[in-house]
Amino acid sequence: MPIKFPFSRRAAPSDTWTKCPSCDAQVFNRQLERELRVCPSCGHHFRMSIGERIDMLLDPDTFEERDAGIESVDRLGFHDDRPYPDRLEAARVKTGLRDALVWGVGDIEGVRVAIAIFDFRFMGGSMGSVVGEKLARCFEAALEERIPAIVVSASGGARMQEGTLSLMQLSKTTAPLVRLDESGIPFIAVLTDPTTGGVLASFASLGDVILAEPKALIGFAGARVASDTVGEELPEGFQSAEFLLDHGFVDAVVPRSELRATLGRLLRLLPVPVAADEAAEEPERAWGPIGTLSGLAERLGGAVSETIGIDVEAEPGGNGQGRPASPEATVADDAERKA
């Protein structure tokens, strides 16, 4: 009969260690936090909360959340195994968030940006009416304040509990990006694990620069559904960030420890152009020999014409330039001046 000790050395709180789903290593949570929630053994990138993303990406004490009070409502009276409002309340209690996305303005290496961040813990980061509204306001604020826009996505797609209303968010979030593009304001999309469904099919694939975290799951539908749709076997890992990088869908796969520095470099390389109404109406001439002579000719056009005998008035039907006066006219003018 085994001896029963009053306690076990292996007994510990369940939230002290985290098992890596990639290499099965047990990682001490404090170490995981120091490593930005990246497994020190295999480099697996765990999912992050919105607060952790803000602390990692933005300059300290610069983030200002906007539209924090917007909440989802049950327009359709949706009910599966439990009512939609009950699911919303459970997600709010679990995460402390009002919905799956938070947006605001802040600084990244001193550059002001409008940034929106998804949290997959809130109903799988699904995009309903509130998420779509916040994203649209984020893009509109970037356009109005003329600052770059950044979205860190982690979503399973459209929120099924809102039906067609959730599908309408695809067009709602992409329409402001057209105006951003016309104004030359950069939009950077950061795809994290997972970015799928309607989120990928809308704004997440329209960035001027698209970054992804290593081994992030990125795709429109599940692997089995995609394979059945095209009717053939698809390559293994075809929805990974590395595969999409090789095939040109993603611009760069950036480890989490380098993400902030990479965004800072991109913001310096993609400056926001000056608005048309802020530009000077006409630049002043440079102060030099050519500029001085040109300005003098414009100001003293009449006197110069009398001195050198050039008629500066264009004839009807001409091209706007004068022609030399005849010798007879020049002699007559000189006689009049002498008289």
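1. Leaving aside residues up to four places away in sequence, Ile115 touches Leu57, Leu58, Phe63, Val102, Trp103, Gly104, Cys138 and Ile150, where contact means heavy atoms within 4.5 Å. Ile115 belongs to strand E5 (residues 111-118), helices (H or I, at least four residues) and strands (E, at least two) being DSSP runs numbered from the N terminus. With a relative accessible area of 0%, Ile115 is buried; buried stands for under 20% relative accessible area, exposed for over 50%, and partly exposed for what lies in between, using a 1.4 Å probe and protein chains only. Ile115 and Ile188 are 73 residues apart in sequence, while their C-alpha atoms are 9.5 Å apart in space.

2. On the basis of the values: this is a predicted model, in which local features need pLDDT of at least 70 and side-chain atom pairs count only at pLDDT 80 or more, whereas totals for chains, interfaces and linings use all residues. Residues are numbered from 1 along each chain as its sequence is written, and side-chain values use heavy atoms, with hydrogens and water left out.

3. Over the whole structure, a search finds 18 salt bridges, each defined as a side-chain nitrogen of Lys or Arg within 4 Å of a carboxyl oxygen of Asp or Glu. One of them pairs Asp193 with Arg47, with the closest N and O atoms 3.4 Å apart. Because Asp193 lies in strand E7 and Arg47 in the loop between helix H1 (29-34) and helix H2 (50-57), this pair ties together parts that are 146 residues apart in sequence. Arg47 is partly exposed at 41% relative accessibility, and it also lies over the face of Phe120, at 4.3 Å from the ring centre (the criterion being NZ of Lys or CZ of Arg within 6 Å of the ring centre and within 35 degrees of the ring normal).

4. A salt bridge also joins Glu213 to Arg53, with the closest N and O atoms 2.8 Å apart. Glu213 lies in the loop between E8 and strand E9 (218-219) and Arg53 in helix H2, so parts 160 residues apart in sequence are tied together. Both partners are buried, Glu213 at 2% and Arg53 at 3% relative accessibility.

5. Lys172 and Glu133 meet in a salt bridge at 2.4 Å, N to O, which links helix H5 (residues 164-183) to helix H4 (residues 129-145) across 39 residues. Asp67, Glu133, Arg137 and Lys172 are linked in a network of salt bridges.

6. Four aromatic pairs are found in the whole structure; rings of Phe, Tyr and Trp (its six-membered ring) pair if their centres lie within 6.5 Å, with planes under 30 degrees apart counted as stacked, over 60 as edge-to-face and the rest as tilted. The rings of Phe118 and Phe203 have centres 6.1 Å apart and planes at 10°, so this pair is stacked. Phe118, Phe139, Phe187 and Phe203 form one aromatic cluster.
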